[in-house]
Amino acid sequence: MIKTQTYCEPFCIQEGFQFEVHSISYKARESYSCFMHFHEVHEFIIFDEIDGSYFYSQGESQLKDNDIVFTPALETHDFELSNKKKSWTIIQFLPEFLAENNLMKEASFLQFGIHLRLNKEQLANVQTQVKWLKDSYSIDPHSVMSLTLLKLLILWVVEHAKPVSHLHAQPITTSKGYERLVPVIDLFRHNAYVELSLVEAAELCHISTSYFSRLFKSIFRFNFSEYTVRHKLYSAARMLTQTNKSITEISYELEFSNPSHFISLFKKQFNITPKQYRNELLGRSVEKIDSANI
């Protein structure tokens with residue numbers, strides 16, 4: 001397993017994989033970027049060192065070293081982290097993994113985003129299991145051993161981790177503001193890009209432009225135009241890893257004005273060009289294959 005600078009978090013699971021594991025680390029004051037987003041897979045993030053906030057369906061919570069967060073597929077979430085040193089392990093897996101492995105109790109527990117903590121004894125157990133999982137994954141991510149270790153980790157976390165209580169937090173998804181924005185939110189959930197003006201988006205939600213703007217920024221922490229561009233860039237990152245389409249094809253499919261403009265925006269957001277990003281992900285895949293053949 002290699003450490004890569006993943007920009008906020010991986011954008012997808014490699015085709016043919018049931019899950020992926022990534023180790024992420026940032027030095028103090030090293031650039032970090034994230035925004036309110038969602039993806040099509042379930043995700044555990046098991047932190048080592050962390051200082052910041054987790055924004056999810058239950059509101060906002062403060063992160064501490066060794067915390068765990070779970071975010072289900074298609075649920076919006078975000079992280080706002082300090083400039084201190086930070087590191088974590090991301091485990092993303094297909095939603096159907098739970099049903100296929102008879103994890104129905106666990107699936108019920110993991111319906112919504114949740115912030116978890118373990119006592120010292122169980123933390124040590126989970127850290128050991130994460131190491132076993134990463135080691136097995138680096139050898140063969142498709143092996144019975146790898147899949148069994150993932151199942152064990154899910155069982156263990158659900159059984160022993162305790163939710164961080166939020167006595168005053170209102171779930172974002174049940175707020176009136178969120179409900180008013182659902183027509184536009186659903187477009188972002190199910191489309192690679194959304195080409196709506198602010199006026200059109202407000203009309204779709206049957207509210208005034210000014211009210212739409214205030215609601216949208218209060219939930220997504222970016223104004224509508226900023227979020228639209230970031231959503232397209234994250235979609236572009238997925239396409240770079242999931243397809244063989246050229247950078248030019250991707251730029252026009254997502255309706256950027258031209259490839260140069262797309263490359264410039266992508267580099268500004270992720271501190272790397274689309275070509276470099278694709279090559280980095282391809283290098284990661286080659287290393288997995290080489291490790292499996294040792």
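Lys-232 touches Ala-192, Tyr-193, Glu-195, Leu-254, Glu-255 and Phe-256, leaving out residues up to four places away in sequence, where contact means heavy atoms within 4.5 Å. The model is predicted, so that local features need pLDDT of at least 70 and side-chain atom pairs count only at pLDDT 80 or more, while totals for chains, interfaces and linings use all residues. Residues are numbered from 1 along each chain as its sequence is written, and side-chain values use heavy atoms, with hydrogens and water left out.

**Setting of Lys-232**
- Lys-232 lies in helix H8 (residues 224–242), helices being DSSP runs of H or I with at least four residues and strands runs of E with at least two, numbered from the N terminus.
- Lys-232 is buried, with a relative accessible area of 7%, where buried means under 20%, exposed over 50% and partly exposed in between, for a 1.4 Å probe and protein chains only.

**Nonpolar cores**
- The largest nonpolar core has 31 residues, and those with the most contacts inside it are Phe-44, Phe-93 and Ile-154; such a core is a set of buried Ala, Val, Leu, Ile, Met, Phe, Trp, Tyr and Cys residues joined through side-chain atoms within 4.5 Å.
- Helix H4 gives the most to this core, with seven residues.
- A second, separate core of 19 residues includes Tyr-178, Ala-201, Cys-205 and Ile-207.

**Chain as a whole**
- The chain contains eleven helices and nine strands, and 49% of its 294 residues count as buried.
- Among contacts with a separation of 6 or more, 73% are accounted for by residues 24 or more positions apart.
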